[in-house]
Amino acid sequence: MAAETVEVPLYRLAHSRSGDKGDTSNLSLVAWNAECYAVLVQQVTEARVAEWFGYRQPRRVTRYLLPGLEAMNLVLEGVLDGGVNDALNLDAHGKSLSFHLLDLPVTVPAALAGTLPDLPPLPD
Amino acid sequence: MSSSSTPCLVGCATGFSGDRTDGAAPVVRSLAARGGGTLIFETLAERTLALAQLARNQDPQAGYEPLLDDLVGPVLGDCLRHDIRIVSNFGAANPPAAARRIATLAAERGLPAPRIATLHGDELNTPEQRALLRERLGPVLDTLEVVSANAYLGAQEIAQALAAGAQIVVAGRVADPSLTVGPALAHFGWQADDWARLGRATMAGHLLECGTQVTGGYFCVPGLKDVPGGLHDTGFPIAEIGEDGSFVVGKADGTGGLVDARTVKEQLLYEVHDPARYLTPDVTADLSQARVQELGGDRVAVHGVTGHARPVELKVNVCYRGGWLAEAEISYAGVQAEARARLAGETVARRIGTALKLRIDLIGALSILGDDDGALLGRRAPGQARDVRLRVAAEHADRAVAERVLREVTALYCCGPAGGGGVRTSLRPRLNMMSCTVPRDAVAAGWTMTHEG
């Protein structure tokens, strides 16, 4: 029988930082630990990320794995509306894009979910 | 010169032009307590140099970092007293003028005259160099009003100037990590093709070059990634580089902030594309096998970095005048606030028609995550946000056309939806940029000891 699974946002498994060069954004994604890293490698694929950022029409998404850091580097080309010199966005650098990535839902075993950091529930 | 058996200490006190200016003193105190080292300031983002060039065009004595006095003045005496060299790209478009200003700052403080070196050759403005840029960038260059064209120099000139006894090295455009690699080269006397050592020192420089981004800045998410003690007194970073190029990153003593595996991992990958090929003028650094080790006490060792042969050519940024960026905002609150803000945006769009391509943001509902075309906003059902600020932005080559955005949003006070308040408008010229590479022998990189001390 398959183990019970739950869907959780990526921010419970990893942290992320945005950088920009021209019209390209790179999003590091750093797992909290080896178990989380395994989930990222399996589920945070180039295709999945391209779809998640689809409204920004990336020309290409490339994923580089860094097992020594339990991290990956996601390079999204063409997502900054021309980049810091051309975009009309207030956030022309795309500093906020890492936090869009961290809302991506991933599926994890319920047992793992119970060990992950989470935000306290909002007061009523 | 220090002994090559001791580590090379490099502290960085700014991560960009506009950073906090009080970071240097704790770094200098820490370096002095550890027997000296190098203080670097990174102040030159891509467009900062073009802005500096425009300032120099107005005033031949301007064109360097506007906050130079605030950065250097308070720590100059302690640096000279404690054998702490200063290396920076704060010379921007006018390194000789920055060097003169530092000499004056020393004289005003009654300090002994420092030995100051300036770098030159990054600016590509000879007819031959401009012809080469046209060859690389194409005839479009002829249609542009070029403001600045600069190649990224590397660490060699910095190292040579330090080895010749410079106490302060003033650069214009150099690769940011080279500010750190230069002092390490001078300290250890590495060969120029010692790619593994250069690769490691480059990643040390990469961690330093954004200042507090490795010591708790650009990091905190309350509840998920906290920085104990807050962000008001975050210390700036110090790297301890060993003879084999391996390094430990920490921060100034007695400061706030945080250096741990998480801050270092995030900054290692900051603005990196292929981790096996991080290009600088000095080396192709390779962090694909990097590991980090927390040593405690806000110190983290980085292992596994290496390097490969440097790129054949040098990168060049060409900045040119863009159009006019027009931005205007107005706020709505309470019942149907989001609906009123949306209607206000649609009203402006209908009146401007096809004259301008507008970006519409609903700050408080959806703004910076959206795209310029509004695909995300158009797809999202209107919500019930109760405190929304409409922002309309557009760019046009003609100032008068761009200005229409300001006038239409301002007119919403009377003609727009109910209860619109707080209009603010801005109209600014833009600088755009193109990049290419050029052969190294097209760039006459060098240095001069402009003040002999």
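The model is predicted: local features need pLDDT of at least 70, side-chain atom pairs count only at pLDDT 80 or more, and totals for chains, interfaces and linings use all residues. Residues are numbered from 1 along each chain as its sequence is written, while chains are lettered from A and ligands numbered from 1 in the order in which they are written.

Chain A has four helices and six strands, where helices (H or I, at least four residues) and strands (E, at least two) are DSSP runs, numbered from the N terminus. Their order from the N terminus is β-β-β-α-α-β-β-α-β-α.

| Property of chain A | Value |
|---|---|
| Box filled by the C-alpha atoms, along the principal axes | roughly 50 × 40 × 25 Å |
| Buried residues (20 or more other C-beta atoms within 10 Å of their own, C-beta atoms placed from the backbone) | 43% of 124 residues |
| Contacts (C-beta atoms, placed from the backbone, within 7 Å) joining residues at least 24 apart, among those between residues at least 6 apart in sequence | 63% |

In chain B, the axes of helix 10 (residues 337-352) and helix 12 (residues 399-415) come within 10 Å and cross at roughly 135°. Axes are lines fitted to C-alpha atoms over the stretch in contact, with angles from 0 to 180 degrees between N-to-C directions. The two helices of chain B are therefore oblique to each other; angles under 35 degrees count as roughly parallel, over 145 as roughly antiparallel, 65 to 115 as roughly perpendicular and the rest as oblique.

Helix 10 of chain B contributes Ala344(B), Thr347(B), Val348(B), Arg351(B) and Ile352(B), which meet Arg404(B), Glu408(B), Val409(B) and Leu412(B) of helix 12 of chain B.

Definitions and conventions:
Two residues are in contact if their C-beta atoms, placed from the backbone, lie within 7 Å. A residue is buried if 20 or more other C-beta atoms lie within 10 Å of its own, exposed if 12 or fewer, and partly exposed in between; C-beta atoms are placed from the backbone.
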